[in-house]
Amino acid sequence: MKTINMKTINMKTKITELFNIQHPIIQGGMHYVALAELASAVSNAGGLGVITALTQKTPGDLANEISRCKDMTDKPFGVNLTFLPMVNAPDYPGYIKAIIDNGVTVVETAGRNPEQYMPMLKDAGIKVIHKCTSVRHALKAQQIGCDAVSVDGFECGGHPGEDDIPNMVLLPRAADELTIPFVASGGMADARSLVASLALGAQGINMGTRFIATKEAPVHDNVKQAILAAKETDTRLVMRPLGNTERVLNNPATQKLLEKENRLGKTIKFEDIFDEVAGVYPRVMTEGLVDTGVWSCGMVAGLISDIPTCKQLIDRIMSEARQIIQNRLASMLAG
């Protein structure tokens with residue numbers, strides 16, 4: 001790895017001002033990854049760390065996790081709350097009450113439209129950033145009162161939506177339409193990601209897969225090593241026939257699922273793939289059984305070659321961003 005000048009730049013954007021953070025870098029909410037250890041490390045490094053609410057089984061468990069995070073950082077951090085299309089929905093009002101009662105100032109919403117819960121959040125003075133995979137959904141988030149959006153390109157790990165628009169097109173389209181600030185998500189790993197996203201109209205970046213491969217990420221080392229070994233060609237799209245597309249790391253379970261999708265075609269039901277997708281994350285992330293099922297991973301794995309601390313990673317991104325902006329790009333304007 002090349003030696004760089006670690007003098008950082010304090011970058012001021014609408015996102016740093018909105019969330020009262022030093023650097024325009026947000027850690028994505030990730031199931032069984034975004035726990036207090038990771039969120040606090042990101043926040044202590046000047047970014048915005050995020051705890052995933054639904055990894056916690058009950059609102060009381062979430063309150064305890066928020067308390068643990070507060071013991072590890074005095075910086076702002078957020079909570080991700082994903083609204084799932086389920087018959088027996090989680091206790092969303094209970095989770096929101098735990099967020100409010102414990103003084104969290106930022107919530108990242110994802111999944112279904114959060115409109116019915118916006119009054120609870122906004123009345124408590126909470127800043128809401130909603131994750132979107134299309135411009136039309138970003139505009140809806142803006143309309144219902146979200147303070148910012150995270151625009152998720154087709155490259156992302158997890159659910160990229162069904163439009164298949166990569167960030168080189170999606171981000172400037174969002175910039176053309178939105179009046180609230182947005183961050184770029186999907187394919188984000190380094191200073192080049194940050195500077196490119198800023199050039200395309202974003203006010204910062206959101207990183208998921210990149211933050212799994214850090215020392216503080218509370219996951220089994222097998223997971224981190226799998227990401228390091230992966231190339232940009234080593235992800236696959238699954239559950240597309242179900243209208244719930246997910247980008248995951250290619251492994252034997254992924255191949256088995258894809259074979260089922262190909263064999264069953266339009267007749268496939270969620271029950272048919274239960275073994276490959278249900279209850280997988282504790283076994284993968286905690287036990288390190290990385291081939292036991294399908295798990296989210298972005299194409300950005302091809303850009304990940306080390307396991308730094310969160311501070312080392314963020315300092316490096318900001319230092320190299322300074323060099324790109326002040327040296328490489330500025331030199332192109334000479335004369």
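Rings of Phe, Tyr and Trp (its six-membered ring) pair if their centres lie within 6.5 Å; planes under 30 degrees apart count as stacked, over 60 as edge-to-face and the rest as tilted. This is a predicted model, where local features need pLDDT of at least 70, side-chain atom pairs count only at pLDDT 80 or more, and totals for chains, interfaces and linings use all residues. Residues are numbered from 1 along each chain as its sequence is written, and side-chain values use heavy atoms, without hydrogens and water.

**Exercise 1. Describe the aromatic cluster that contains Tyr92 and Tyr117.**

Step 1. Name the members. Phe83, Tyr92 and Tyr117 make up one cluster.

Step 2. Search the whole structure for pairs. There are four aromatic pairs. In one of them, Tyr92 and Tyr117 are tilted, 5.7 Å centre to centre with 55° between the planes. Tyr92 sits in helix α4 and Tyr117 in the loop between β4 and α5 (118–123), so the pair links parts of the chain 25 residues apart. (Helices, H or I, of at least four residues and strands, E, of at least two are DSSP runs, numbered from the N terminus.)

Step 3. Check burial (buried is under 20% relative accessible area, exposed over 50%, partly exposed in between; 1.4 Å probe, protein chains only). Tyr92 is buried at 3%. Tyr117 is buried at 12%.

Step 4. Take another pair. Phe270 and Phe274 are edge-to-face, 6.3 Å centre to centre and 90° between the planes. Phe270 is partly exposed at 38%, and Phe274 is partly exposed at 46%.

**Exercise 2. Give the strand order of the open sheet and find its edges.**

Step 1. Read the order. Eight strands run β1-β8-β7-β6-β5-β4-β3-β2, with parallel pairing. (Two strands pair if DSSP finds at least two bridges between them.)

Step 2. Find the edges. β1 (25–27) and β2 (49–52) each have a single partner strand, so one side of each lacks a neighbour in the sheet.

Step 3. Inspect one pairing. β4 (residues 106–111) and β5 (residues 127–132) are parallel over four bridges. Glu108 stands opposite Ile129 in β5.

**Exercise 3. Is Glu276 buried or exposed, and what is Glu276 in contact with?**

Step 1. Locate Glu276. It lies in helix α12 (residues 274–277).

Step 2. Apply the cut-off. Glu276 counts as buried because its relative accessibility is 3%.

Step 3. List the contacts (heavy atoms within 4.5 Å). Leaving aside neighbours within four places in sequence, Glu276 touches Ala253, Lys256, Leu257, Lys260, Gly293 and Val294.
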